[in-house]
Structures are given as C-alpha cells and as structure tokens.
Amino acid sequence: MPLTTPHSPPTFATVLLRGLLAGLVAGLLAGAFGYLVGEPRIEAAIAIEESATHTGPVADDHHADDLVGRGGQRAGLFLATGLFGTAMGGLLATAYVLLRRRLRSTDDGRSVLLLAGGTLVGAVLVPFGKYPANPPAVGDPDTIDQRTVAYLALVVLGLVAVWAGTLGYRSVRADAPVWQRFGAGVGGFLLVAVVGYVVLPSFQEVPDDFPATLLWNFRLASLGTQVVLWTAIGLLFSALMSRGGGRPRSERHAGERHAGDRPGEPAIGQGTPAHP
C-alpha cells in the first residue's frame with residue numbers, strides 16, 4: 001500500500017482562474033507604475049503638442065472638443081492595464097497548460113516563471129529595441145497602420161526567437177560545458193531577432209526639435225510599465241501554482257523523458273537501461 005496518495009494536477013479551469021487573478025493584480029500594479037512614472041511625461045508631451053498646434057483662443061477651447069478629458073484618461077489607465085493584464089494572465093495560463101508536459105522543470109512555479117520571462121523577452125524587449133514607444137506629438141498618422149503591422153510582426157518574431165534559443169540550448173548534449181549550451185541558445189535567439197530587425201522597416205518620425213530627454217524618459221517609463229506587468233504576473237502566478245504542490249508522478253516522468261537530449265538516453269535518475 002503506497003504511503004503517499006497520488007497528486008492530481010489542477011484542472012484547466014483552476015489554472016486559468018489563477019492566471020486571470022495574477023494578471024488582474026499585475027495589471028493594476030502596472031497601472032500604478034504608469035500613473036506615477038509615465039503620466040508626467042505624457043502631460044509634458046501633450047503640452048508640447050498643443051503649443052505647436054494651437055495658438056491664441058483656439059488653444060483655450062481645445063480640451064472642450066475632447067471626447068474624454070485628461071481626468072477620465074487617467075482613470076481609464078487603470079481600467080486598460082487591468083483588462084490587459086487579465087488577458088495576458090489568461091493567455092499565459094493557457095500556454096502553460098498546453099506546454100506543461102514539454103517543460104523540463106518539474107516545479108510548477110519555476111515553469112511559470114520561465115514562461116513569463118520568455119514572454120517578457122520575446123514580446124516586450126525585442127520589439128522595444130526597434131520600435132520603442134513614442135509619446136503624443138511624435139509619429140505620422142499616415143503610417144500608423146504600417147507601424148502597427150510591423151510592431152505585431154516583431155512581437156511574433158520575438159517569441160519565435162525565444163523558441164529558437166530554447167531549441168539551440170537543448171540541441172547541445174547535457175554533459176557539454178555550460179557555456180556551449182548557453183552559446184547555442186543565444187545564437188539561436190539572435191539569429192531570428194537580427195533577421196527581424198533587418199527585414200522589417202524602420203520609422204524615423206521624431207521631430208528634430210522634440211526634447212530628447214523627454215522622449216527617452218517616456219520610452220523608459222513605457223518599458224518599465226511592461227516590465228512591472230510581466231514580472232508581477234510571473235511572480236504572482238508562480239506563487240499561486242506553487243501552492244498546489246508538485247506535479248503528479250506521471251508528469252514528472254514525462255518531463256524527465258523530455259529532458260533527454262538524445263534518443264535512447266536514460267532519463268535522469270533512472271540509471272542505465274538493462275540489455276537482454
């Protein structure tokens with residue numbers, strides 16, 4: 001009679017609810033960061049835009065024509081980041097359920113952190129390197145469609161780059177030096193990322209007289225909001241998944257089988273297979 005009862009994995013609904021909850025809280029935290037750090041930069045950029053576009057009495061009536069005032073936009077920031085964080089948490093939970101048996105780590109919390117970190121690199125940092133966020137008054141309205149398509153394409157290529165880096169890391173034998181495995185992973189990642197940077201178009205639409213300090217402070221605040229969002233999602237979702245305990249034995253054995261880098265190699269801890 002076994003001394004321990006088998007642990008049943010959480011259902012998809014349970015994992016999804018945990019991801020949605022983590023995403024909601026992370027979105028509100030990201031909204032607070034954006035409000036405290038990004039809003040002053042947005043106000044300064046709007047002031048530059050208005051001073052360049054409107055003069056005299058027209059400027060006084062400018063805000064009257066806005067559908068949503070600045071107060072409503074500030075409140076909408078938390079609504080937007082909360083909804084976006086909830087959606088991203090749900091997508092991360094779905095991806096985790098689909099990839100669970102393919103992940104090498106047998107710890108749910110660690111696996112979630114790896115997925116969140118990979119998403120941060122592929123979907124945020126890679127696009128930011130070529131298409132950083134621009135404040136109001138920067139950008140040609142006639143190219144907004146092209147810029148949107150190019151940005152989304154780079155998001156996809158960034159995630160593919162993370163996947164290529166993972167394949168490169170795993171392609172090297174497990175007993176090879178660590179630097180070789182990491183070198184293969186970085187090489188696979190850079191191969192896809194550099195191709196995306198070269199193939200996709202560039203957009204240089206920042207006015208020459210726009211303050212460089214304000215521009216980069218806004219971009220860093222925008223990047224920081226995304227970093228806060230994905231870091232919080234990873235940590236909160238990891239904590240919620242860790243509360244459920246480890247994986248069942250069948251999934252641990254499946255993870256160990258996937259950990260083998262060559263067909264026919266014994267799984268870790270299973271010893272050398274016997275031959276007839």
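Buried means under 20% relative accessible area, exposed means over 50%, and partly exposed lies in between, with a 1.4 Å probe and protein chains only. By that scale F203 is partly exposed, with a relative accessible area of 24%. This is a predicted model, in which local features need pLDDT of at least 70, side-chain atom pairs count only at pLDDT 80 or more, and totals for chains, interfaces and linings use all residues. Residues are numbered from 1 along each chain as its sequence is written, and side-chain values use heavy atoms, with hydrogens and water left out.

**Aromatic pairs**

- Three aromatic pairs are found in a search of the whole structure; rings of Phe, Tyr and Trp (its six-membered ring) pair if their centres lie within 6.5 Å, with planes under 30 degrees apart counted as stacked, over 60 as edge-to-face and the rest as tilted.
- Y131 and F203 form a tilted pair, because their ring planes are at 45°, with the centres 6.0 Å apart.
- This pair links distant parts of the chain, 72 residues apart: Y131 is in the loop between α4 (108-130) and α5 (144-171), and F203 is in the loop between α6 (178-199) and α7 (212-242).
- Helices here are DSSP runs (H or I, at least four residues), numbered from the N terminus.
- Y131 is buried, at 11% relative accessible area.
- Y169 and F182 pair edge-to-face, 5.4 Å centre to centre and with 70° between the planes.
- Y169 lies in helix α5 and F182 in helix α6, 13 residues apart.
- Y169 is partly exposed, at 29% relative accessibility.

**Charges over rings**

- A charge sits over a ring if NZ of Lys or CZ of Arg is within 6 Å of the ring centre and within 35 degrees of the ring normal.
- R181 lies over the face of Y169, 4.5 Å from the ring centre.
- R219 has its charged end over the ring of W216, at 4.7 Å from the centre.

Notes: Helices (H or I, at least four residues) and strands (E, at least two) are DSSP runs, numbered from the N terminus.
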